[in-house]
Amino acid sequence: MSQRKLRIIFTSITCVDSAGAEFIAMTGCVTKTYWRRSGKHSNISARILMSDPYASHMEFLIKHCSRAQVILELGCGKYSTPLFLNQKLFPEVRLVVSVESDQEWADKVMAANPDPRLELVVVSEPFEDKLVNMNLSDYDLIFVDHATDPVTRARTIEYLARNVTTSRVVIHDYENQEYRDAAKGFPHVLIDGFRTPHTAMVWK
Ligand SMILES: C[S@@+](CC[C@H](N)C(=O)[O-])C[C@H]1O[C@@H](n2cnc3c(N)ncnc32)[C@H](O)[C@@H]1O
């Protein structure tokens, strides 16, 4: 790489705002939106894009959900859980209830996120059996990213489409047609199809 290119990249990095810097520190990803913030250097973004596909939902969540206060997360992990608990990126979060089916995975995530605002609930699938005892309108954001098989997740999305009233629901891997079909009960949808896996927000 030429010295001139290196200099331009360095200049761009210094132009990233504090939320962008936090995002990059958390994920190691430099994504288009944050590069765009550096204005005239945006043309170099594609060349140095280092996007982890498993983190494709992160930027969407920051952009559209950062004012969330009470979050229901279906499927915990190393990306969304610490993201919601990050006080710079999600400054208003008071509670994250995370529903998880894998005890070992839940223990790891809990150990990595010692935060009194995190409540991890381990239940076996289907999660609808747990959701039926919850008041979904207590949550302003419901993030759907659980289950190893798409049919199970699609059933949860169908349940949410029938029962959610006020919450915004964000669904990861939305390129999956089963999830799109399952979410048809939501009249509104906002899809980020730029990154794969896709992320969408649905609401009534
Ligand atoms: C896509 S992951 C959830 C990711 C999480 N929402 C995040 O953004 O970090 C879906 C499920 O895979 C299971 N899982 C088990 N071991 C895992 C691992 N090593 N990495 C990721 N997911 C794992 C968990 O049950 C988890 O809920």
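**Close-up 1. The shell of residues around the ligand.** In this predicted model, the ligand is surrounded by Gly75, Cys76, Gly77, Lys78, Tyr79, Ser80, Glu100, Ser101, Asp102, Trp105, Asp145 and His146. By class, the shell holds three nonpolar, five polar and four charged residues. Here Ala, Val, Leu, Ile, Met, Phe, Trp, Tyr, Cys and Pro count as nonpolar, Asp, Glu, Lys and Arg as charged, and the others, Gly among them, as polar. Residues are numbered from 1 along each chain as its sequence is written. Local features need pLDDT of at least 70, side-chain atom pairs count only at pLDDT 80 or more, and totals for chains, interfaces and linings use all residues.

**Close-up 2. Helix H4.** Helix H4 spans residues 58–65, and six of its eight residues are buried (20 or more other C-beta atoms within 10 Å of the residue's own, with C-beta atoms placed from the backbone). These buried residues are Met58, Glu59, Phe60, Leu61, Ile62 and Cys65. Helices (H or I, at least four residues) and strands (E, at least two) are DSSP runs, numbered from the N terminus.

**Close-up 3. Strand S7 and its partners.** Strand S7 covers residues 199–203, of which four of five are buried. Strands pair if DSSP finds at least two bridges between them. S7 pairs in the antiparallel sense with S5 (residues 168–172) over four bridges, and Thr199 of S7 is the bridge partner of His172. With S6 (residues 188–192), S7 pairs in the antiparallel sense over five bridges; there, Met201 of S7 stands opposite Leu190. S6 and S7 form a hairpin, with six residues between them.

Definitions and conventions:
Buried ≥ 20, exposed ≤ 12 C-beta atoms within 10 Å, placed from the backbone. Near = placed C-beta within 6 Å.
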